[in-house]
Amino acid sequence: MKIAIAIAIAIAAFAASLSVPVVAADNPPGQSGGVSFAAQPMTDGLVRKVDGSSGRVTISHGRLPNGMPPMTMVFRLKEMAWAKQIREGDRIRFAIDDSYTLVRFEHVK
Ligand SMILES: [Cu+2]
């Protein structure tokens, strides 16, 4: 009898461990802690300043997906190394996360 209960508990624990990733996969894109950056809409921007030591860039941006009107403001870079790929005067298209961190960008020709 005790063995049967132990087996039942082990099976329940195993089933619970299997259900965790299934639940995580149910999160809609962009709601899972910034995992799906590709889903973030892109905004046009003109780079005004690059601060490689702090990993921040000043960008004159178009209207943001969250409704923020065009303005010039500072964004954090997700990767410090990106500071070397962006120069003052560059025209870019970029995506940000909820905390105004630049998570993706491409140069506009
Ligand atoms: Cu702004």
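Three aromatic pairs are present in the structure, which is a predicted model. In one of them, F75 and F94 have ring centres 5.3 Å apart and ring planes at 65°, so the pair is classed as edge-to-face. Because F75 belongs to strand β3 (residues 71-77) and F94 to strand β4 (residues 91-96), this pair ties together parts of the chain that are 19 residues apart in sequence. Both F75 and F94 are buried. F75 also pairs with Y100, with a centre-to-centre distance of 6.5 Å and an angle of 50° between the planes, an arrangement classed as tilted. This second pair links distant parts of the chain, with F75 in strand β3 and Y100 in the loop between β4 and β5, 25 residues apart. The relative accessible area of F75 is 0%, so F75 falls under the 20% limit for a buried residue. Y100, at 27%, is partly exposed. Together, F75, F94 and Y100 make up one aromatic cluster.

T58 is located in strand β2, which spans residues 56-61. With a relative accessibility of 17%, T58 counts as buried. Beyond the neighbours within four places in sequence, the contacts of T58 are L46, V47, R48, K49, T72, M73 and V74.

The relative accessible area of V108 is 36%, so V108 is partly exposed, between the limits of 20% and 50%. When neighbours within four places in sequence are left aside, V108 is in contact with R91, I92 and R93. The C-alpha atoms of V108 and D44 are 8.6 Å apart in space, although the two residues are separated by 64 places in sequence.

At the level of the whole chain, one helix and five strands are assigned. Their order from the N terminus is α-β-β-β-β-β. Of the 109 residues in the chain, 26% are buried. The accessible surface of the chain amounts to about 7400 Å², with 60% of this area belonging to carbon and sulfur atoms. Of the contacts between residues at least 6 apart in sequence, 42% join residues at least 24 apart.

The average pLDDT of the chain is 79, and 64% of the residues score at least 70. Over residues 13-35, pLDDT stays under 50, and the model has four contacts beyond four places in sequence for this stretch. Where pLDDT is low, predicted coordinates should not be read in detail.

Key:
Residues are numbered from 1 along each chain as its sequence is written. This is a predicted model: local features need pLDDT of at least 70, side-chain atom pairs count only at pLDDT 80 or more; totals for chains, interfaces and linings use all residues. Side-chain values use heavy atoms; hydrogens and water are left out. pLDDT is the predictor's confidence in each residue, from 0 to 100. Contact means heavy atoms within 4.5 Å. Helices (H or I, at least four residues) and strands (E, at least two) are DSSP runs, numbered from the N terminus. Buried means under 20% relative accessible area, exposed over 50%, partly exposed in between (1.4 Å probe, protein chains only). Accessible areas come from the Shrake-Rupley method with a 1.4 Å probe; for residues, only the protein chains shown count as cover. Rings of Phe, Tyr and Trp (its six-membered ring) pair if their centres lie within 6.5 Å; planes under 30 degrees apart count as stacked, over 60 as edge-to-face and the rest as tilted.
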